Protein chains: 2
Amino acid sequence: MKVRGVGAQTERQGDEPDRGTLVTPSAEFPPLGPEERAALGRIGERWHTPRHADELPVDPALGRNRPGPTPTRFGRLTPIDMFTVEEPGELCATGPAHEPGSRTGRALSRLRRTLFGPPLSSSAVLYERMRKLVALPILSSDLLSSVAYGPEALLAVLVLAGSGALGLSLPLAAVLVVLMIAVGLSYRQTIPAYPHGAGSYIVAGDNLGTTAGLAAAAGLMLDYVLTVSVSIAAGVSAITSAMAGLTPVTVPLGVLVIAVLLAGNLRGVRTAGNIFVLPTYAFVAAVLLVLVVGYARAAGRGFAPAPPPPVPATEGLGLLLVLRAFSSGAVSMTGIEAVSNAIPAFRPREWRNARTTLGWMVGMLVVLFAGLIGLIHLNGLVPRPDQTILSQLGRLTFPTGPWYAFLQATTALILLLAANTAFNDFPRLLFFMARNGHAPRRFLHLGDRLSFNNGLVALAVAAAVIFVAFGGHTQSLIPLYAVGVFLAFTLSQAGMVVHWRRHRDRGWRRRLALNALGATLSGLVLVIAAIGKFKEGAWLVVIAVPTLVLLARGTHRHYARLDSALALHPPPPPGTAPGVAPGGRGGATEGEELPQEVRHLVVVPVARLNRASLRALAYAASLGQPTLAVHIAPEDAEADRFRDQWRAWGDHLRLETIVSPYRAVIGPLAHYLEALHASRPELTLTVIVPEVVLRHRWSRLLHSRAEQRLRAALRALPGVVVTSVPIHVAE
Amino acid sequence: MKVRGVGAQTERQGDEPDRGTLVTPSAEFPPLGPEERAALGRIGERWHTPRHADELPVDPALGRNRPGPTPTRFGRLTPIDMFTVEEPGELCATGPAHEPGSRTGRALSRLRRTLFGPPLSSSAVLYERMRKLVALPILSSDLLSSVAYGPEALLAVLVLAGSGALGLSLPLAAVLVVLMIAVGLSYRQTIPAYPHGAGSYIVAGDNLGTTAGLAAAAGLMLDYVLTVSVSIAAGVSAITSAMAGLTPVTVPLGVLVIAVLLAGNLRGVRTAGNIFVLPTYAFVAAVLLVLVVGYARAAGRGFAPAPPPPVPATEGLGLLLVLRAFSSGAVSMTGIEAVSNAIPAFRPREWRNARTTLGWMVGMLVVLFAGLIGLIHLNGLVPRPDQTILSQLGRLTFPTGPWYAFLQATTALILLLAANTAFNDFPRLLFFMARNGHAPRRFLHLGDRLSFNNGLVALAVAAAVIFVAFGGHTQSLIPLYAVGVFLAFTLSQAGMVVHWRRHRDRGWRRRLALNALGATLSGLVLVIAAIGKFKEGAWLVVIAVPTLVLLARGTHRHYARLDSALALHPPPPPGTAPGVAPGGRGGATEGEELPQEVRHLVVVPVARLNRASLRALAYAASLGQPTLAVHIAPEDAEADRFRDQWRAWGDHLRLETIVSPYRAVIGPLAHYLEALHASRPELTLTVIVPEVVLRHRWSRLLHSRAEQRLRAALRALPGVVVTSVPIHVAE
């Protein structure tokens with residue numbers, strides 16, 4: 001079971017050594033396994049192609065390997081080269097070859113280019129790596145920004161038991177700091193062990209089996225979506241704390257920011273990174289300034305804590321409340337996993353740079369988190385509905401304008417941009433899942449800016465829906481948040497425990513102990529969060545994770561069956577009957593066929609005799625295969641009239657008229673073709689349909705699209721090939 | 001100009017003598033004109049089909065002309081015969097051949113059959129004619145039901161000038177009766193002159209030119225839609241007059257009734273007629289009873305009119321008010337044109353039966369209308385918001401229960417069913433328009449119950465939209481109503497004036513004078529209605545009529561250009577170059593081609609080597625034409641890998657790989673094919689696309705539908721044929 005998902009795939013494509021490292025555009029075209037390759041050769045041996053089949057009447061290199069056109073007296077005519085020759089048999093498409101043909105298409109393409117920049121070549125993929133100093137702000141904005149709402153989430157639960165309970169924040173914060181360091185060290189060990197990407201999905205899947213991997217992935221996917229929603233909700237409330245007038249437009253503001261983030265990320269990794277460097281460092285600087293000034297003042301009065309204003313208790317100070325407060329505070333750790341997923345985006349050596357960056361990040365997190373909790377305690381602050389606690393601290397520290405404004409602005413910015421971490425990681429996670437067949441294959445596609453457009457759009461849509469559904473309210477979103485993250489933490493570190501037991505590298509006992517500690521602590525937080533916040537929203541996550549796992553397994557099953565149905569097998573021994581075998585081998589209805597075995601019957605449905613149908617008939621006849629024309633008539637009289645026309649034309653092809661007394665055309669035609677084919681199932685039935693192509697979209701409303709409906713009706717028939725012979729009319 | 005629309009069509013298809021009479025299923029397949037037929041023969045002379053092309057490997061008659069299968073020991077196996085042999089070369093599809101292939105399709109088909117009845121054969125078309133006693137209620141329900149709201153509409157305007165003005169109703173009614181008789185006689189003359197359908201569209205178009213015909217048609221179309229909306233609004237208010245509790249559900253009730261009417265009509269003409277016979281006669285009987293009892297009582301008191309209750313005037317009694325009252329009362333005449341449009345639905349001799357029926361109808365209208373106006377006057381009734389005036393009259397005449405209930409019930413029924421007239425005429429009008437190319441051709445199609453499904457659905461949707469938009473309120477809809485009808489009346493009768501002047505049959509002067517009178521009176525009402533009610537809604541009609549005319553002309557132009565682009569021309573003299581002529585003759589890009597002139601190039605796009613693509617390659621190779629395989633690679637490395645696989649297979653076909661550095665597939669492929677084709681435009685380029693057909697609809701979500709996108713991108717290229725080679729996978 002364990003090796004089936006991630007493992008099986010790795011095994012099959014083991015001939016690609018650095019496959020795990022790279023987010024490569026070739027992932028959409030996985031190479032053949034050795035068995036299939038052998039089968040391919042054996043199939044090829046039996047092929048007989050007609051002579052001269054590759055004597056082409058055109059130059060497939062489009063004449064590009066000849067010298068350019070001779071100069072005319074108006075100068076050398078150089079056509080726009082859409083294709084350049086790379087080597088014999090290989091062309092390279094240039095920019096213009098990507099332009100759509102239609103006018104609307106080209107206009108959209110120009111708009112797209114303006115918004116998202118010109119396309120980037122696949123060969124640029126290596127240069128789109130991040131330096132550590134760039135990676136740090138990009139990947140840490142999620143983690144560090146959590147301190148803008150994490151301490152408040154902790155205090156907001158404690159204060160329910162009255163202001164007296166707020167003193168508990170110090171020991172709880174100490175436990176959280178231990179947890180942060182433990183999880184941080186845990187991940188630090190994971191990175192060198194999985195240098196090609198140490199995401200929980202891969203680590204848990206590799207060591208605990210596919211289901212555990214998928215559960216971790218589902219947790220992370222929810223985490224990423226919620227990161228966007230929560231960060232943007234908190235960022236917007238940092239703005240509305242400072243400017244109360246903007247409160248009514250909270251929801252549109254948030255959706256706008258999501259759209260801007262999406263656009264930025266569609267432009268590609270490096271641009272996105274550059275946008276986000278400054279705000280992260282500025283935020284860290286601003287908070288450090290608050291801490292320095294605040295502790296300096298506190299030192300002035302001998303670190304004597306100011307008593308908090310009296311707040312009446314609404315709940316008793318029970319164990320459950322403390323645990324809820326603890327798990328709320330734990331959201332400060334969300335984002336710690338960002339680095340391990342993003343290892344391939346670092347410059348080489350990727351794992352070393354990633355590990356260093358993770359160390360810096362955790363260090364900064366501990367300093368900011370512990371510092372803020374301490375300072376809040378010293379100043380006796382309590383959560384207030386109209387202002388975030390960081391805003392209160394800012395007003396206290398910088399009673400005069402600009403520094404407070406700087407703090408709020410950087411807080412809002414880092415929160416809004418923290419969502420960007422998710423935009424980096426979510427599509428990458430989907431890419432890894434899609435490569436294993438656990439997510440739709442479209443998530444493998446690298447867009448023309450080398451970004452995973454499909455994943456980015458999926459994330460933006462999901463986050464916007466949740467944001468709108470919860471009205472952009474941070475504290476309502478928090479209960480959903482912790483469960484997914486800590487599920488992923490727990491599974492990833494439990495996976496590492498198994499990993500060390502298996503590999504027993506130098507120092508494995510120490511490493512195993514550390515990861516076991518991390519797993520235990522994370523697991524505890526997971527259980528606490530799931531139980532303590534079940535009613536407040538965690539139940540949603542408890543339902544969503546198994547659903548996502550089932551969907552992923554269903555997707556994997558689909559692709560696996562499809563791959564096996566389409567996989568190449570060695571040809572059957574010569575005695576076996578060729579052609580269509582009902583039920584077929586490997587799940588496909590049609591059997592394998594060799595060109596010399598194909599027997600043709602060509603059928604041309606003709607509604608009336610005009611240029612369109614005569615073209616189709618000429619095309620059919622030119623193939624030189626047995627050909628039958630079919631006409632569906634609504635009544636006898638019309639059938640006779642049509643046959644009369646057919647004779648007037650010269651009766652060049654065999655005609656069968658079918659009277660359809662109930663006047664339907666597509667149904668009887670499809671049934672007739674099916675019956676015809678059933679009488680000789682080994683024939684390949686080619687249905688040649690005349691198709692009138694109209695230029696204007698609106699004028700298509702005046703036509704019944706019989707060609708499309710026929711195609712849809714014939715889709716289900718095995719062994720029936722449909723050919724459209726178009727005639728283009730300028731209407 | 002005049003002959004271009006209707007005339008040109010008639011001329012071209014003049015070889016079909018009784019074409020005008022019939023609503024024939026063959027209308028979708030118009031025969032070739034003599035010129036095209038001659039061209040067809042000359043094209044045929046130059047065809048060379050390959051030898052043995054009509055030696056078929058199958059029996060196109062599906063073995064049906066052989067004796068049935070021999071009995072086995074389990075008895076004779078008789079397969080369901082979807083096709084029976086009619087004569088050599090002709091099959092007849094039986095019922096099962098119309099069943100859709102998919103399971104959902106068959107379930108829908110069963111549901112449809114339950115709702116609308118089993119399909120009717122085209123040969124039944126003659127039997128679906130109406131006897132006069134059936135035609136009368138079907139066609140007259142619209143006209144006669146108008147008396148349920150017409151008199152009230154007249155009085156509702158008059159009473160604005162106070163109850164004193166109500167006395168004017170008698171002279172106005174007298175003028176209206178004259179108008180009714182004049183218009184009735186006018187139409188009576190029209191019917192024998194146009195025995196194949198004397199609708200205003202045909203009469204006006206034939207005599208006054210296409211635009212006049214289309215204007216009349218537009219007026220009638222609006223009339224039909226409004227007939228449904230108004231009748232159902234009035235019918236629902238007859239119900240709510242009696243049962244006030246139903247008032248809040250007016251709108252859903254009306255929409256439900258429209259749906260029921262649609263379903264009834266989709267079942268076909270005869271069934272629909274049978275449903276509607278009784279209510280019409282019952283309504284006439286009920287009103288006659290009211291009149292008899294009412295006048296008997298009035299005779300008892302010496303015909304002394306009761307004074308109406310005093311109502312204060314809100315407007316002065318000006319000419320405009322009187323004219324508005326007159327045009328409001330004129331809505332009692334709506335529906336008088338029903339017979340002339342429906343002549344082909346009568347039993348032979350159609351025109352004579354139709355004329356007789358019209359006479360009866362107008363007679364009954366005059367009696368009911370004049371009788372009601374008189375009785376209302378004698379009893380001094382005034383319009384009240386909570387009750388219709390007919391309901392007041394009923395309560396007065398039958399103070400005790402059942403007879404009043406009978407009157408209201410039949411009123412409601414006839415009103416609800418009056419809409420049915422429109423359901424008879426609207427699709428028929430669209431059929432005539434579509435036959436001339438003035439409406440989309442789908443309105444030519446006779447559904448499997450011999451009803452014009454498309455027209456019926458269009459009417460029901462339009463009427464429901466208007467009904468909902470006006471909240472189901474009768475008096476708001478009335479102002480829209482008169483303009484369209486009287487436009488059609490006026491144009492039809494003006495057309496007859498021209499007709500008589502042209503033909504000068506016996507007694508033409510008398511007939512001309514009568515039609516001229518009718519036209520003048522109708523024209524007056526039209527002008528009065530358009531001006532008097534412009535602000536109250538008539539402006540909508542004033543905009544809609546020209547819009548519909550323009551749309552119809554645009555549609556006609558489209559079909560005319562299309563027909564000329566697809567029309568057959570004699571082949572060019574032998575010296576001329578064959579093949580694609582840019583811009584082509586007659587508007588089509590592709591020229592005419594003979595089979596021996598077709599030069600092929602087959603291109604197979606291959607994304608990866610699997611059973612699907614090998615099938616496509618085998619199919620391509622089996623055609624024995626020059627073949628080129630094309631692979632689009634996202635980067636160089638992948639291109640090399642693919643070429644390596646190609647060699648492993650045996651390099652049986654020429655391969656060109658195209659590196660698409662921006663990773664798009666469809667765009668570069670389409671541009672490459674276009675460039676390839678441009679290098680030898682006389683070639684027919686067949687693109688053979690492997691297509692994986694998945695069984696489950698949801699699993700298609702997991703695929704990118706590249707085949708469809710490629711097809712869409714190639715649609716615009718002239719001379720490019722697209723062939724899908726499917727492989728069916730049970731996923």
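Me: How many salt bridges are there over all chains?
Reply: A search of the whole structure, which is a predicted model, finds 20. A salt bridge here is a side-chain nitrogen of Lys or Arg within 4 Å of a carboxyl oxygen of Asp or Glu.

Me: And why would side chains pair like that?
Reply: Side chains of opposite charge can pair when their charged atoms come close.

Me: Ok, which residue does Arg441(A) meet in a salt bridge?
Reply: That's Asp563(A), at 3.1 Å from N to O. The pair links distant parts of the chain, 122 residues apart. Arg441(A) is in the loop between helix H15 (401-435) and helix H16 (453-469) of chain A, and Asp563(A) is in helix H19 (residues 534-566). Helices (H or I, at least four residues) and strands (E, at least two) are DSSP runs, numbered from the N terminus.

Me: New topic: how many salt bridges cross the interface of chain B and chain A?
Reply: The rule finds six. Arg37(B), for instance, forms a salt bridge with Asp644(A), with the closest N and O atoms 2.9 Å apart.

Me: What classes of residue are on the side of chain B that touches chain A?
Reply: There are 84 nonpolar, 42 polar and 39 charged residues. Ala, Val, Leu, Ile, Met, Phe, Trp, Tyr, Cys and Pro count as nonpolar, Asp, Glu, Lys and Arg as charged, and the others, Gly among them, as polar.

Me: How many residues are in contact there?
Reply: 165 residues of chain B touch 163 residues of chain A, where contact means heavy atoms within 4.5 Å.

Me: And how much area do the two chains bury?
Reply: About 14200 Å² between them, 57% of it on carbon and sulfur atoms. Buried area is the accessible area (1.4 Å probe) that two parts lose on being put together, summed over both. Arg611(B), Arg663(B) and Arg715(B) supply 7% of what chain B buries against chain A, more than any other three residues.

Me: What rotation superposes chain B on chain A?
Reply: One of 180°, with 0.1 Å of shift along its axis and an RMSD of 0.1 Å. That's the relation of a two-fold axis.

Me: Which C-alpha of chain B is nearest the axis?
Reply: The one of Thr723(B), 2.0 Å from it.

Key:
Residues numbered from 1 in each chain as written. Chains lettered and ligands numbered in written order. Predicted model: local features only at pLDDT ≥ 70, side-chain atom pairs only at ≥ 80, totals over all residues. Heavy atoms only, no water. Least-squares fit on C-alpha atoms with pLDDT ≥ 70 in both.
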